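Please read it beside the sequence and the coordinates shown here.

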Amino acid sequence: MTGSPQAAPAASRGHSERPSQRPWLDPGLPVAERVALLMGAMTLEEKVGQTHQVANIHPDDDADALRGARIGSSLFASGATGGNERDEGVLAFNIDAAQRHAVEGSRLGVPLLFGRDVIHGHRTVFPIPLGLAAAWDEDLVERAATTAAREAVVDGVAWTFAPMVDLSEEPRWGRVAESLGETPVLSGRMAAAMVRGFQGADPGHPDRIAACAKHFAGYGLAAGGRDYDTVSVGENTLRNLHLRPFRAAVDAGVCTVMAAFNDVDGIPMHAHRHLLRDVLKGEWGFDGVVVADWNGIGQLVNQGVAADLCDAARQAIEAGVDLDMSSGSYAAHLAELVRSGEVDEALVDDAVRRILTLKFRLGLFERPYVGEPPRANAPSAQTREVARAAAEAAHVLVSNNGVLPLDPSSGTVHLTGPFVDAGEELLGTWTLDGRGEDVVSPAAAFRARLGAGRLLVTDGRFSDRAVQQVRNADVTVALLGEHPWRSGEANSVSDIGLPAGQLDVLRRLARIGKPLVAVVYTGRPLELGEVMDLADAVLVVWHPGVEAGNALASVVFGDTSPHGRLPMTFPLTTGHIPTSTHQRPTGRLVGRDEDSRLGRYLDDLVFPRLPFGHGLTYTTFDYGPPRLSSGELSLTGGEVELEVDVTNSGDRPAREVVQLYFRDPVAEVTRPLTELLDWEALVLLPGEKGVARFAVTAEQFAYFGRDNTARTDLGEIVLRVGPDALRGGTVSLRVTA
Ligand code: NOJ
């Protein structure tokens with residue numbers, strides 16, 4: 001049903017208007033009823049306006065469109081920075097000025113929805129998502145997202161485009177930095193934790209924002225690791241791997257899902273009716289908003305499946321894309337497509353119902369304005385505490401011959417490399433609101449710890465001076481790796497070696513023969529073989545955020561035993577990509593237990609440099625054999641308890657991530673040689689024995705078979721418990737009828 005815009009009074013209306021004239025403003029009514037009442041009053045054009053998202057709304061330039069209800073949502077604009085001038089004294093200039101046009105100047109007063117990429121922190125920047133995943137700590141990740149939401153709302157942001165849950169087994173692809181790793185279980189659980197953190201129990205709470213699981217689907221398989229490239233993957237692999245973290249996010253109640261730029265086996269995702277409508281909205285019952293990625297609808301023309309923007313709009317709305325991010329194709333063509341009968345108005349209604357439901361759920365009709373900021377928006381002691389815990393947890397000690405931890409009370413430390421005085425460079429790839437001056441640099445943190453007398457710093461680029469200072473210090477800590485600009489969107493590389501020149505300098509530093517620690521800042525797995533040969537210890541730290549220096553000092557000097565674990569496999573070389581835990585068996589097995597001469601390359605072995613899940617610490621842990629409460633597990637219900645004793649056999653307390661993997665040796669389709677099933681973290685004192693306990697259910701072994709429906713087979717499952725994806729004791733279990 002569409003009303004008539006001409007008949008409507010053009011006068012401005014505020015929320016003071018009597019509810020009888022705008023009955024949807026009654027917060028006592030159920031959301032579905034409020035949406036129906038509002039939609040009943042809307043014209044087709046006003047509905048289409050709701051599907052149109054505009055980047056960097058300008059309160060003056062866009063005033064007419066806002067008052068005409070031709071824009072429903074904004075991308076990027078924020079109280080802090082919005083791309084247009086603002087009165088420094090009024091924090092919420094952009095958002096509230098634009099919002100006022102929509103709420104008080106438009107016929108029905110539907111508020112705008114402000115979205116912004118709050119990916120790994122807002123003002124208080126946390127480690128990049130790959131670093132957050134390295135913590136293997138859902139509570140910590142949830143706290144980080146909660147903190148980010150609390151800061152984002154101060155700037156008027158109601159919706160973030162996170163978490164990104166594209167499974168990433170391709171380190172050349174720059175966007176692995178934004179991902180939560182390569183396995184469905186780790187990525188899915190971290191994604192759910194982020195959704196809980198952003199949205200809380202009620203996304204309409206004043207300190208919460210809507211989340212967005214992206215990019216649906218298969219984006220992590222971009223050919224050659226080249227961003228935006230085509231994806232050739234079958235539905236079975238999608239279902240058994242790549243769709244699973246999205247399902248986890250949907251089950252956690254994520255409000256929105258973003259379509260991916262890529263095609264899947266020839267069908268661009270913005271036109272992929274089967275995956276968006278049949279699977280996501282149908283099979284999974286996702287009732288939230290599917291948002292396009294940036295000009296993703298327009299790009300259907302470039303992808304060669306749409307003749308023009310009008311055709312692209314038709315295909316996208318039919319496929320189930322509800323909200324058009326920035327292409328303008330819905331605004332320009334949807335109404336005419338409905339009027340000509342080419343698009344069923346019910347499709348537009350469904351999209352608008354979803355968008356308005358989100359706006360009601362977020363409380364935008366009750367609280368459209370930011371107004372006086374409720375609090376200052378800068379890192380505080382409390383937010384830094386979360387940032388520091390997250391940054392420490394992101395430190396993965398990949399090798400150590402005993403040089404670490406350093407003794408904080410004696411010796412001279414030489415700190416060198418391009419990151420010693422870094423600020424912004426340690427924030428990471430997606431930081432629209434982070435500020436370099438908020439970062440505690442490694443040099444500042446080491447100086448605070450050691451005093452100027454015991455610290456030598458050779459800053460900036462590696463130089464001959466650095467080589468000289470190696471002689472004058474007891475140990476050199478070399479900070480290497482990638483600038484965040486070398487990772488993230490559109491920043492793929494053809495070679496995952498260190499940036500040019502760094503390895504040369506490291507060789508020269510190592511030649512002096514003094515203890516050498518390499519700290520690697522990176523947005524992706526890098527080729528680290530020679531770094532590990534040259535340095536006495538190697539820490540992989542990702543891009544750790546505002547507490548970078550403090551976290552490094554606390555790990556290096558042993559206040560904290562490092563406890564991060566790799567969320568992605570580190571391959572031997574670029575030529576070995578892709579490598580991941582979920583490789584499937586071939587007809588001619590190449591296994592680590594077999595003769596490596598059978599390997600698939602003539603010129604190299606096929607094993608990873610560092611397996612998924614790897615991470616050392618300053619103590620050692622001994623694992624007992626895994627024990628099962630029963631060797632049989634019924635398909636129809638119940639659970640078996642798996643236990644393993646883990647003993648801290650060293651002399652420092654530490655957190656051990658006990659990892660449970662499985663293999664299904666006989667199935668209808670080829671199944672991964674090893675797949676993460678669960679993990680449990682134990683914090684153990686020196687000499688202490690802990691027990692890791694896992695409740696194992698038959699449901700965990702469900703997979704999609706040849707007809708792409710879910711099934712669980714009877715028969716053997718091999719379970720393995722250990723400290724990473726390669727090691728550990730095994731035990732067999734039978735799934736019975
Ligand atoms: C394009 C990216 O692919 C997506 O992840 C992001 O949220 C949007 N741009 C908006 O910035």
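Strand E21 and strand E22 run antiparallel and are joined by nine bridges, where strands are DSSP runs of E with at least two residues, numbered from the N terminus, and two strands pair if DSSP finds at least two bridges between them. The model is a predicted one, in which local features need pLDDT of at least 70 and side-chain atom pairs count only at pLDDT 80 or more, while totals for chains, interfaces and linings use all residues. Residues are numbered from 1 along each chain as its sequence is written, and side-chain values use heavy atoms, with hydrogens and water left out.

Strand E21 is also joined to strand E26 (residues 715–722) by five bridges, and this pair runs antiparallel. One facing pair from each pairing is listed below.

| Residue | Residue opposite | Strand of the opposite residue |
|---|---|---|
| Gln659 | Trp679 | E22 |
| Tyr661 | Arg720 | E26 |

Nine of the 10 residues of strand E21 (residues 654–663) are buried, so the strand is largely enclosed by the rest of the structure; buried means under 20% relative accessible area, exposed over 50%, and partly exposed in between, with a 1.4 Å probe and protein chains only.

Strand E22 (675–684) also contributes two or more residues to the lining of the second largest pocket, as do helix H7 (184–199), helix H8 (235–242), helix H9 (244–251), strand E23 (689–697) and strand E24 (703–704). The volume of this second largest pocket is about 730 Å³. Its lining comprises 28 residues, of which Arg244, Arg247, Glu699, Gln700 and Ala702 lie nearest the centre. A pocket here is an open set of points on a 1 Å grid over the protein atoms alone, where a 1.4 Å probe fits, with protein on both sides within 12 Å along at least five of seven lines, and lining residues have an atom within 4 Å of a point.

The structure holds zero disulfides, a disulfide being a pair of cysteine sulfur atoms within 2.5 Å. For Cys212, the closest cysteine sulfur is that of Cys255 at 9.8 Å, which is too far for a bond. Cys212 counts as buried at 0% relative accessibility, and Cys310 counts as buried at 16%.

Glu527 lies in the loop between strand E15 (516–521) and helix H19 (529–534), and is partly exposed, with a relative accessible area of 28%. The C-alpha atoms of Glu527 and Thr574 are separated by 7.1 Å, although these residues are 47 residues apart along the chain.

How values were computed. Points joined across faces, edges and corners; volume = space filled by probe spheres on them. Helix = DSSP H or I, 4+ residues; strand = E, 2+ residues; numbered from the N terminus.
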